Amino acid sequence: MNRKWLAVYIAGSLIAGSGMTYMGITVLEKRQEKHAIGHTMETNSLYKLDKAYQLILQNYVENVDKQKLEDGAIRGMLATLEDPYSVYMDQEAAKQFEQALGSSFEGIGAEISIEDDKMIIVSPIKGSPAEKAGIKPQDQIISVDGETVEGKDLNDVIGKIRGEKGTKVELEIKRTTVDKPLKVKIVRDEVPQITVYSDIKKDGGEKIGYIEVTSFSKDTASEFDKALSSLEKKGISGLILDVRGNPGGLLTSVNAIVEQFLTDSKPYVQIENRNGNREQFYSDLSKEKAYPVVVLIDNGSASASEILAAALKEGADYPLIGENSFGKGTVQQPIDMDDGSEIKLTVSKWLTPDGNWIHKQGIKPTIEVKQTDLYHTHPLQIVDSLKMEDNDEQVQYAQEILTSLGFTTDRQDGYFSPQTEVAVRAFQEKNALEVTGVIDQKTAAKMEESVRLEKQKDENDIQLQTAIRYIVH
């Protein structure tokens, strides 16, 4: 298919909302025109809906807000589809969504989706308040500021999570690796949408290019072009593309990036409609890069980032290193409802170059590599200081952190043993804290900060190290 038509397909990711792949409005408008006559003949089928609307509006025991009634009817129809990606967004939610694709926004910086009626974190954005607070991919949100999210509309939950810079929100989350829910307090802040980070990784005499794409916003493609051009001028011998924790974004940005690596021998994505008809999209490139390319993925890689990963894996045989991706393989149609609200309706599937549908399955890495315990620690929520002979989950989390930082503890079961106190004292001494052997809020904050700093070091990132070794050797 001609590349100009790809502009009608975009993938969007909410800041606290479901990662979606979107289909341009012009396509659906043509379908609506084509079936306009048939639709007119079927208007009688809406009789029951209108009758219920008038019945409630005129006879319910209390006054009813017409707007809320109409919004509720739309949400109810979409709910019957049992599709978490087909959603109604009121004026405020639609406005916030558009802002989320801009240069910056205010909030916690996390992507949320719905799986089996559960609010699931797809991924926190790099450097966001959510990431700093210890939110991780696959965390399940149970409550927001003490109010359960069970049975709530996704956009209503989004509205409660979002907020102005400097304000606080408390999320209660369930994590598969811990027995009890965690309560995480997050201070909302401005989340800049700088989406591309580049660097040179050196191994011996080799210079390996590294580009991390944290999401696909309006400026990502141009940011990527500048980064890649700069790296190539430095004479790189290979390139690592990192889309770990990337919740998705605009497919037009993915298009511009993918087309620099795939030739025209295969489609880099296929769009399949309800009738099984497929549209295939090709690059105009005739020759691949002269250097090897490796892609890093994990379970926070979703939607548009999966399109990129699948395209490079199946379309150019570039290896994927890391962990299985999230699994989002449908396309949504954004439709303006004329009053500033929107419906985003799933209208098709996207398929990989080989025609595979990765929905709810994700993409398997070519080389599976799991991160060390350093990347799986949990946030400390210290109310009362932890001391010798205490026994609870917070002690267990502290023990896990100490061990991941190289301080020896004799147990990780939540019992504050004498050896745990020795490890705490050693940590406090190393970090110029008062040496008490007691974990107070200051020590806990320093422990979490130490984990964040260690995770930023290349030598501790075994997925990255595996990618470097693959290219060099």
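User: Why is the pair D390 and K387 called a salt bridge?

Analyst: In this predicted model, the side chains of D390 and K387 meet at 4.0 Å, N to O. A salt bridge requires a side-chain nitrogen of Lys or Arg within 4 Å of a carboxyl oxygen of Asp or Glu, so the pair is counted as one.

User: How many salt bridges are found in the whole structure?

Analyst: The search finds 17. Among them, the side chains of E212 and K126 meet at 2.7 Å, N to O. E212 lies in strand β13 and K126 in the loop between β6 and α6, so this pair ties together parts that are 86 residues apart in sequence. E212 is buried at 11% relative accessible area, while K126 is partly exposed at 37%. Another salt bridge joins D413 and R411 at 2.8 Å, N to O; D413 is partly exposed at 42%, as is R411 at 32%.

User: Why is T443 called buried?

Analyst: T443 has 3% relative accessibility, so it counts as buried. T443 lies in helix α13; helices (H or I, at least four residues) and strands (E, at least two) are DSSP runs, numbered from the N terminus. Leaving aside neighbours within four places in sequence, T443 is in contact (heavy atoms within 4.5 Å) with F427, Q428, L433 and V438.

User: Where does I363 lie, and is I363 buried or exposed?

Analyst: I363 is in the loop between β20 (342–351) and β21, and its 6% relative accessibility places it in the buried class. Not counting residues up to four places away in sequence, I363 touches several residues, including I297, L320 and I358. The C-alpha atoms of I363 and L320 are separated by 9.0 Å, and these residues are 43 residues apart along the chain.

User: What makes strands β17 and β18 a pair?

Analyst: Two strands pair if DSSP finds at least two bridges between them. Strand β17 (residues 293–297) and strand β18 (residues 320–322) have three bridges, in the parallel sense, so they qualify as a pair. I297 has G322 in β18 as its bridge partner. The open sheet of six strands runs in the order β12-β13-β14-β17-β18-β21, with mixed pairing. Its edge strands are β12 and β21 (367–368), each pairing on one side only.

User: Which helix gives the most to the lining of the second largest pocket?

Analyst: Helix α13 does, with six residues. Among the other elements that each supply at least two residues are β12 (196–203) and β13 (206–213). The lining divides into 13 nonpolar, 16 polar and 20 charged residues, where Ala, Val, Leu, Ile, Met, Phe, Trp, Tyr, Cys and Pro count as nonpolar, Asp, Glu, Lys and Arg as charged, and the others, Gly among them, as polar.

Conventions
Residues numbered from 1 in each chain as written. Predicted model: local features only at pLDDT ≥ 70, side-chain atom pairs only at ≥ 80, totals over all residues. Heavy atoms only, no water. Buried < 20%, exposed > 50% of the residue type's maximum accessible area, 1.4 Å probe, protein only.
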